[in-house]
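Thanks for making time this morning.

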Amino acid sequence: MTETSTTPIPEAAPKRARDRIFAAADDLFYRQGIRAVGVDAIAKEAGVAKISLYRAFPSKDDLVVAYLEDRNADYWRRWDRAFAKHEGDPRAQLRAMMEYLADRTTVPGYRGCPFTNDATEFPEPSHPGRRVAEANKRELRQRLLRLAEALGAPDPQALADGLVLLVEGAYAISQTLSGRDGPGRAIVWAAEALVEAQLGRDKSA
């Protein structure tokens, strides 16, 4: 009988305590709300002692900011990927983004925009999490303004702000009239109607 030697497959390294804490906070904050979730619940979900949480994140506010900054980075990565597929075609870029939002905001279990949720929970302008949320919305407005300019809209700021309102409306309605049969999917049609209204008005002038 001959023996065959095999190279053992290394086991996946266990997640660091900081990574487990962050993953637990990300899930709990999004599903249950930031104010509703305390550090005890996060530590329990992550399977760590509370002192370990405070070593990784000196305060709950630090954890909230890390959560929102990570969500913000992921949001713009998705945006950039969607736009890169249609470089040089702003109409296709707009449609790709609105189709993504139509799918995202009508999926079962969707809990709304984390930045809108945070701003609702923390009305104080000085709250560090709110500053991240407001920065996300300002960036959204600026990106949609650049898109409106690329579309050749006669009033790009008005078009951009109209699109911002559509996006925020899709986020909000997802928490009441939710699901695939809800009005959220109309965002694609509504965005194109806004564009046509501007470009059509320009042609008729």
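Let me begin with a question: does Arg138 count as buried or exposed? Arg138 counts as exposed, because its relative accessibility is 51%, where exposed means over 50% relative accessible area, buried means under 20%, and partly exposed is what lies in between, with a 1.4 Å probe and protein chains only.

Before going further, the provenance: this is a predicted model, in which local features need pLDDT of at least 70 and side-chain atom pairs count only at pLDDT 80 or more, while totals for chains, interfaces and linings use all residues. Residues are numbered from 1 along each chain as its sequence is written, and side-chain values use heavy atoms, with hydrogens and water left out.

Arg138 sits in helix H7, and its C-alpha is 22 Å from that of Leu63, a residue 75 places away in sequence. When I say helix, I mean a DSSP run of H or I with at least four residues, numbered from the N terminus. H7 covers residues 128-151, 24 residues in total, and spans 35 Å from first to last C-alpha, close to the expected 34 Å, the expectation being 1.5 Å times one less than the number of residues. Among the buried residues of H7 are Val132, Leu140, Leu144 and Leu147, but also Arg130, Asn136 and Arg143. Just after H7, Gly152 adopts a positive phi of about 80 degrees.

Leu151 also belongs to H7, and at 11% relative accessibility it counts as buried. Setting aside neighbours within four places in sequence, Leu151 is in contact with Pro90, Arg91, Leu94, Leu159, Val195 and Leu199, contact meaning heavy atoms within 4.5 Å. Its C-alpha is separated by 8.2 Å from that of Val195, which lies 44 residues away along the chain.

Which residues touch the most other members of the largest nonpolar core? In that core of 57 residues, they are Phe29, Ile42 and Met98, a nonpolar core being a set of buried Ala, Val, Leu, Ile, Met, Phe, Trp, Tyr and Cys residues joined through side-chain atoms within 4.5 Å. H1, H2, H4, H5, H7, H8 and H9 each supply at least two residues of this core, and the largest share, 11 residues, comes from H4. Leaving out neighbours within four places in sequence, the contacts of Phe29 include Ile34, Ile42, Leu63 and Tyr67.

Finally, H4 and H6: their axes come within 10 Å and cross at roughly 150 degrees, with axes fitted to C-alpha atoms over the stretch in contact and angles running from 0 to 180 degrees between N-to-C directions. That makes H4 roughly antiparallel to H6, a label for angles over 145 degrees. At this contact, Val64, Tyr67, Leu68, Arg71 and Asn72 of H4 meet Pro114, Phe115 and Asp118 of H6.

Notes: Angles under 35 degrees count as roughly parallel, over 145 as roughly antiparallel, 65 to 115 as roughly perpendicular and the rest as oblique.
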